[in-house]
Structures are given as C-alpha cells and as structure tokens.
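Let's take a walk through a protein model, one piece at a time. Have a look at the sequence and the 3D view first, then read on.

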Amino acid sequence: MPIHNTDIAAIFDEIADLLEIEGANPFRVRAYRNAARTVQGLGRDAAKLIEEGFELTRLPGIGKDLAGKIQEIVRTGRCAELTNLHKRTPAALSVLLKVPGLGPKRVAALHQQLGINTPKQLLRAVRQGHVRELEGFGAKTEQRIREAIEAQLKKKARFLLLTATDYAQPLVQHLKQSRGVKDVIVAGSYRRCNETVGDLDILVTATRSSPVMHDLVAYDEIKEILSHGKTRTTVILKCGLQVDVRVVDRISLGAALQYFTGSKAHNIAIRRLGQQRGLKINEYGAFKGEQRVAGATEASVYAAVKLPYIEPELRENRGEIEAARLGKLPKLVRLADLKGDLHSHTRASDGKNTIDEMAQAARTRGLRYLAITDHSKGLAVTRGLDTRTLAKQLEEIDRLNENLKGIELLKGIEVEILEDGRLDLPDAILAELDLVIGAVHSKFDLPGAKQTRRILRAMNHPHFSLLAHPSGRLLEEREPYDVDMTQIIREAGQRGCFLELNAQPQRLDLIDSYCQLAKDEGVLVAINSDAHQPGGFDNLRFGVGQARRGWLEAKDVLNTRSLSALRKLLKGTM
DNA sequence: GCCGTTTTCGGCCCGACTGTTTTCAGTCG
C-alpha cells in the first residue's frame, strides 16, 4: 500500500490534535500543523521525493525530526509518536475537536471529568445535562454543542465555487443596498478561486452609523445567527453556507482585504516579515509603533514589507513570497487572454444545441475559434459518433465555416480511450481532424499502474493531441482515478501533446500543483469549457481561476494562441 | 518542533465575539 501525502498529513494533524488536548507547547502543535499543510501541498508524493534523494529538511517548516517522521511513515505506514500518544489519549478525541465550539481545553475537560471520548457519548451527556455542570461550561454552551453534533451527523459538504457564487451574489447586492455602504467584496478562499469554499468572508466598508449589520441579520435567506457584533457577524444561510461579514473603515480596506483573503499560511508569513521590519500588521493596517504606515490598499501592505502586489490566487505560501522578493512573480493568465475553446459538444452526441448555435454562443463571448469535439461511439450513453456520422459532421463544419463570421470551427472528437489504451475510432478518420482529444470514461477502478499504462499508450497514438479531464474526478462526488499524474505530465512533455484543464466547476481536475508541474515540464495546458450548451462557455472563468492558482501565464496556455499558431502546434501532434 | 544579518536559545500572527464571568479564557478565522 503506497503512502500518499494525504496519509502523512492526516497523521501529523492527528498528532497535533492530541498534543493540543494534552496541553502541549502550542508552538510544537503548530509545527505539526504547518508540516501537515506543507506535505499536503507538495504536488508530488513525498515517497517519490525521498526515492530521488531529495533532502526533506529543505522544505519550509520541516526540520530534522519531522523529516525523520515523514521517512518513518513512508517506510512503515505508521508513526511511533502517534502510537505513543494513543496510549495516553484516546484517538477518538480528535474527532471531538471537529465539533464547532469545542477546542482542546474543553475536549480535555470533557474527557477527564466526564470520561467522554466520542461524539455519541458527548451527545448522551449533553442530553442528560451533565455538561453544563462543568466549570467553564454553561447551559448555553451545552445547547450549542448539542446542536452542533446533531448538525454534524447530517453535515453539509463544501460548496463548489459555482454554487457559492450563486449564493454570494444576491447577498452582496442585499448588503450594497444598505445605507452608508460603499464597498462589498467577497474575500477568503472565494477570492483565491479555491475549487470549493467552506464559507464566505465578506468585507464591507461603510460609515460608522450604517445599519449594515442590522440589515444583514434581516436577510431572509438566513437560517441562523451564530454571532452578531458591531464589526463582525456570522450567519448560516438556509442552504447551509456559513457567512462571515466584517465592516471596516475605508482607510483599512486594503489591510482588511489582504487579511481576510488569506490564506492563513500566507498571512502568517507576511506578518512575520512585518515583524522582522519592526511592523505590526493586522486587519487595520501596518503599524510602526502607533503610526500607521500602510493599509488603504493591499499593494500598500505588501509594499510595507518590501514586496510587490501578489495576486490572490497565489497566496498559499507555496513560494509566492520568495518569488515576489526576487521579482519573479508570474503574470497570470486572464479570461480575456483566451482566444478559443478546444472542447465542446453538440446535439450529435450529448450536447443540447446545433453546431451553429454553439459557434454563435462562443463568438458572443469573444472567442475566435471553437473545436467541435463530440463523443465517439464507445460512449454509448451519449450516442457517440462512429466513422460515418463523424464524416458527416466534418462536411457540415466545412459548410458552416464558409459562412461564419468572427469565429472559425475546428474539427475534433472526444475519443474514448479503451481499456487497453487503444482509441475508439480508426486512424483514417482521426487523420482528417484538426485535433483528437482522448478521454477516459470507463474502467475508473483499474490499478494505478494499469491505468497509467492505458493513458500513456493512448497518448502515444500518432493522432493524439490532448488529454481531456486527466484525473476524472468529480468534486464532492467521485475521487480521481488512480493514476501517476507526474509520469503522465512528463511523458506529455516528451511526446509533445497537451493536457486539458477542464473548466467545469465540478472537474477542474488539473489541480494547481499539476499546473505548476506541467509548466515546469513545458507542457501547454488547454483551458476548455467542455460546454454542452451555450451557458457552458461561462465556466471558462473557473478554469482560468484554477490555472491562476497553478501559476500559469498566457504563454503556458494552449488556447491563448492565435488560430494560425494553434494550427501549427496541433500539426506537431498529428 | 522549527528557525537564525539575533546561529544552539528564545522566540514563534493577531483581534473579535461569546459565555461565563466580574476580568477573562476559549474558540474561531
């Protein structure tokens, strides 16, 4: 059983939980949490790095001890430190920490004084009214714990960025109508374009006398008010999404935006830099003693620590601060840089519209070319195309191209990659196309080595241009299939073919770290809508967001090329 | 446990809100 970074991170997080409950040195606890985050965000499996002789202590926050523990976990799948902790402190206590309102101190009190180890035992104690009798607890706390556990039993997953957008926009409009309000900005992971968000952080600037917080709690989509103060209010919407709203003075907008955009790791790093320069940085500004030296704009806060502005999508403390210091920040790709879309469907397979309708929709969104790539026959549920129906579609595209203005259609196919890695259509018809997108839609559960071989064989087909949705995951629904993405990216570089960043909000499966790896290996990434109807093109912005998180610039993206440049690149693959 | 134009010790990000208190600890982001 190979050890993945997620396994290592989970062990470090559990160690941190249990140490915290034991009342260990909080900085030691933080060291384990930092290490968990670092390992999780590596992009490549630590096991592989070790194999290649990489010195783990070069990673930030990983010293001699933690490097040794990572090696131990990779080698044995276990960590003696955790095993020892389990002898003293029941493992289930770390689950209790996940109950909102319960931190290490309260979990320790529940365990020591009432012998509670599991959420179930806690729920029983709460129902019997034992919890309120403990020092530091009261009837209200008990009630909240009860509700939290009951809610956790039917807990809500994270929200897709698209879903969060649908809830955020009307709320932003509601707040903007409040008297005295100037700016309303959604910060947090939403602004960093995370693929999913757990809650919304909304920043408001308003006059001191503005009733905005009062108006917020009167919003009719609210299910519950968790806290309600003059500058901070937390509510839960009926859909289950938690929303934190903060009001700041305009003079602090930049500092507040910087602070509430996060990520936490990025902010800690920035504050540390401030500290080294004798500055205190908080959500109100950067201060030298009593004197404010920055805060009105985000750029001023970064300038205070001698850095250029850093785009929100980069703020994960994964090298962006170092890059900023060296003047090597990427000039991130923008939606407007996309000149075309290389993946779309029509009524010929499982799309909803005609080729012409899709072309018009793409054109009105400013695209100059669109590849029609319906499914091939192997994907029977979509009534995929065979040689004869595809040939007919090619003729239709030729006819349409003669009359279309402002956009050109490319001939393509999303061809099934069969279980053994062959493609689902004969070479003769594939040779007539402008591009061939290969995709896996079946046999998701092959063992990793076999799945990887399957895809590599398909990529080596002489007509293969582009690998669609490389991991096959559907967020909150289906895990990625077991595949060695590092190897696939490397071989794509050697083979000279391309990888897709599928912009559907539940896919986005060329995750940020793989985007970075593709960039390092010189593999161009196509940001494709995979549109099945006109509205599908609007998803491109989510693809661009993910690409920006992966440090991609316009030059790293295939479909920022002009049509003639694109044709040359595609020829190279055929 | 990590880290160092403070290099082997002594620091480690910072503030709002809540509940149980009566001056503040705990939790959260």
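## A strand with two partners

Strand β2 (residues 181–186) and β4 run antiparallel, joined by five bridges. Strands here are DSSP runs of E with at least two residues, helices are runs of H or I with at least four, and both are numbered from the N terminus. Two strands pair if DSSP finds at least two bridges between them.

Keep in mind that this is a predicted model, where local features need pLDDT of at least 70 and side-chain atom pairs count only at pLDDT 80 or more, while totals for chains, interfaces and linings use all residues. Residues are numbered from 1 along each chain as its sequence is written, with chains lettered from A and ligands numbered from 1 in the order in which they are written.

| Partner of β4 | Bridges | Direction | Residues standing opposite |
|---|---|---|---|
| β2 (residues 181–186) | five | antiparallel | V186 and I202 |
| β7 (residues 242–248) | seven | parallel | R246 and L203 |

How many residues of β4 (residues 199–206) are buried? Seven of its eight are. Buried means 20 or more other C-beta atoms within 10 Å of a residue's own, exposed means 12 or fewer, and partly exposed is in between, with C-beta atoms placed from the backbone.

Now for a helix. In α21 (residues 485–495), M485, I488, I489 and A492 are buried. Seen down the axis of α21, they fall within an arc of 100 degrees (taken from the directions from the axis to the C-beta atoms), so they line one face of the helix. Just after α21, G496 has a positive phi of about 80 degrees.
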